[in-house]
Amino acid sequence: MILGDTPSEAEIDAWHAVVTACHLYDMPPAVPPPSRAETAGQLLVPAHLSHYVRVVVPAPEGGYAGVGWVRLFEDDENRSTAWIGDFAVRPEYRRRGIGTRIWDALRAPIAAEGRTSVTAEVEIGGAGEQFARARGFDSALPMVWYVQRVADETTEPSLPDGYRFLEWTGVVPAEHAPGLAHVHNAMHDSPYGDLDLRPLRWDAERVVRAQSAAVERGGTVLTVAALAPDGSHAAYTEVVLRSPDDVRAVQFATAVAPAHRGRGLGLAVKRRMLGLIREEGLPVREIATTVADDNGPMRAVNKLLGYRPERSMGLFQVRLPSG
Ligand SMILES: CC(C)(COP(=O)(O)OP(=O)(O)OC[C@H]1O[C@@H](n2cnc3c(N)ncnc32)[C@H](O)[C@@H]1OP(=O)(O)O)[C@@H](O)C(=O)NCCC(=O)NCCS
């Protein structure tokens, strides 16, 4: 069954019940479950230049036995691919073909739009990996989740002469959107492994819309940028609380523009971010981040900040016949 674009409160509750039950069953206890606000935000607020198909399988006693959505990108680079999220079947309904029914329902629009691959985030060592491999997915980008305790790293950040910090909570101020977009495009240098998915091209509108979507989804977005002596954007880092009471925030992008690399700016903006979180009095105790196994520079910076590896995951991709 396909869910409409504006699910009702009851449909959001039922969806949230599935992802929460699966989270508690599949994930280590240290990983906090998603809040209802996060689930609702994900279902109600689409990402820019994307449309979605959301699939549910009703349970005989009411509610859902399983759920999953697919994001169909509309930007030119990614029209041939798609992204699956929230794919989950309640533990008591597993191994009865429900996951396969959801996958078939998600695959239909992917195929109908002539897309030739799709990617999903998969935890290594669990049922998800077994299922994904059985459906022809393979790991295209191995990654590890790392976690840092905010209280553990209190070193004052230091910037090279003439650089200064700029920070804001919420959506980027309009005058800084073009500069932020420029640095965001430096993310293109991070590894993409065997993924068909291409890095998004960032411009002022897209950075505004991305931060606005995170806010509309009920989240809090914190950004710390470093400005070069000439006022241009040299580096930035972005952390998101998916709901106001989030104790484990998620690291979004950290990037240093190519002309400014090798001067400690990545470390500086991340240290300043920790200070900002403390100053704002937010409930966050930890920051979690994924880093690709072959992203040496980011792993080195994170090690200096006290990040410890928590669990392995992979971006799993399957190629599909076109048409
Ligand atoms: C992954 C998940 C959605 C599968 O749901 P499901 O309804 O149990 O899947 P199906 O019954 O359709 O399984 C299809 C095939 O996948 C494989 N599979 C699924 N779970 C498996 C497991 N625990 N161990 C080994 N193989 C497994 C089998 O080949 C299975 O066929 P079989 O039962 O005939 O042997 C479910 O385990 C889940 O919610 N996991 C947690 C969330 C998650 O990891 N999601 C990401 C998936 S990409």
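The domain assignment of the protein gives domain 1 (2-115) and domain 2 (147-312), with bounds that come from an automatic or database domain assignment. Residues are numbered from 1 along each chain as its sequence is written. This is a predicted model, in which local features need pLDDT of at least 70 and side-chain atom pairs count only at pLDDT 80 or more, while totals for chains, interfaces and linings use all residues.

**The two domains**
- The centres of domain 1 and domain 2, taken over C-alpha atoms, are separated by 27 Å.
- Their contact takes 15 residues from domain 1 and 18 residues from domain 2, where two residues are in contact if their C-beta atoms, placed from the backbone, lie within 7 Å.
- On the side of domain 1 that touches domain 2, α2 gives the most, with four residues; helices (H or I, at least four residues) and strands (E, at least two) are DSSP runs, numbered from the N terminus.

**Helices α1 and α2**
- The axes of α1 and helix α2 (residues 36-44) come within 10 Å and cross at roughly 120 degrees, the axes being lines fitted to C-alpha atoms, for helices over the stretch in contact, with angles from 0 to 180 degrees between N-to-C directions.
- Ile-12, Trp-15, His-16 and Val-19 of α1 make this contact with Arg-36, Thr-39, Ala-40 and Leu-43 of α2.

**Around the ligand**
- Gly-99, Thr-100, Ala-127, Gly-128 and Gln-130 come nearest among the 22 residues around the ligand, a residue being near if its C-beta atom, placed from the backbone, lies within 6 Å.
- The largest share of this shell, six residues, comes from α4.
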